[in-house]
Amino acid sequence: MFDLFCKGASLYGPFWNHVLDYWKQSIEIPNKTLFLIYQEIKKEPKIHLKRLAEFMECPFSIEEETSRVVDEILKMYSFENLSNLEVNTNGKFLTREAYTFFFRRGEIGD
């Protein structure tokens, strides 16, 4: 399956070309395309959450940062929290995969 995926034989088309297009757009028009890398987000989530807020033209205020709003958002949208929500633990897609199929461990290299 991995070899087929690398060759572009996947449900959503050639993955590498898809990602490369977004990466190129993030360089050519950085104010319109934000390219995020999971491994970098996992290493420094606060920095990347702030980057995302700035990109969306909604940066955190000093008051929000000092009152730990950033930390609360990171906690609320953490892998642990989202993967345990009832909506993500019950049910199946039309393709019959369980919703839990898309949640593994949330770790780099998994």
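Biologist: Which residues is Tyr38 in contact with, leaving aside its neighbours within four places in sequence?
Modeller: Tyr38 is in contact with Gly106 and Glu107 in this predicted model. A contact requires heavy atoms within 4.5 Å, so each of these pairs meets that limit.

Biologist: Why is Tyr38 called neither buried nor exposed?
Modeller: Tyr38, which is found in helix H3, has a relative accessibility of 41%. Buried means under 20% and exposed means over 50%, so a value of 41% makes Tyr38 partly exposed.

Biologist: What makes Lys42 partly exposed?
Modeller: Lys42 also has its place in helix H3. Its relative accessible area is 32%, which lies between the 20% and 50% limits, and therefore Lys42 counts as partly exposed.

Biologist: Which residues does Lys42 contact, leaving aside neighbours within four places in sequence?
Modeller: Lys42 is in contact with Gly106, Glu107 and Ile108.

Biologist: How do you know that the buried residues of H4 line one face of the helix?
Modeller: In H4, residues 45-55, the buried residues are His48, Leu49 and Ala53. Seen down the helix axis, they fall within an arc of 145°, so they line one face. An α-helix has 3.6 residues a turn, so residues three or four places apart point the same way.

Biologist: What do the buried residues of H4 pack against?
Modeller: They pack against helix H3 (38-43) and helix H6 (69-76).

Biologist: Which residue just after H4 takes a positive phi?
Modeller: That residue is Glu57, with a phi of about 60°.

Biologist: What is the phi of Arg68, and where is this residue found?
Modeller: Arg68 has a positive phi of about 65° although it is not a glycine. Arg68 is found in the loop between helix H5 (62-66) and H6.

Biologist: Why is Arg96 called exposed?
Modeller: The relative accessible area of Arg96 is 70%, and exposed means over 50%, so Arg96 is exposed. Arg96 lies in the segment after helix H8 (86-89) and, although it is not a glycine, has a positive phi of about 80°.

Biologist: How many helices and strands does the protein chain have?
Modeller: The protein chain has eight helices and zero strands. Read along the sequence, its pattern is α-α-α-α-α-α-α-α.

Biologist: How does the radius of gyration of the protein chain stand against that of a compact globule of 110 residues?
Modeller: The protein chain has 17 Å, whereas a compact globule of that length would have a radius near 13 Å. Along its principal axes, the C-alpha trace spans about 50 × 40 × 25 Å.

Biologist: What percentage of contacts between residues at least 6 apart in sequence join residues at least 24 apart?
Modeller: In the protein chain the figure is 26%.

Technical notes. Residues numbered from 1 in each chain as written. Predicted model: local features only at pLDDT ≥ 70, side-chain atom pairs only at ≥ 80, totals over all residues. Heavy atoms only, no water. Buried < 20%, exposed > 50% of the residue type's maximum accessible area, 1.4 Å probe, protein only. Helix = DSSP H or I, 4+ residues; strand = E, 2+ residues; numbered from the N terminus. Arc of directions from axis to C-beta. Rg over C-alpha atoms; globule rule 2.2 N^0.38 Å.
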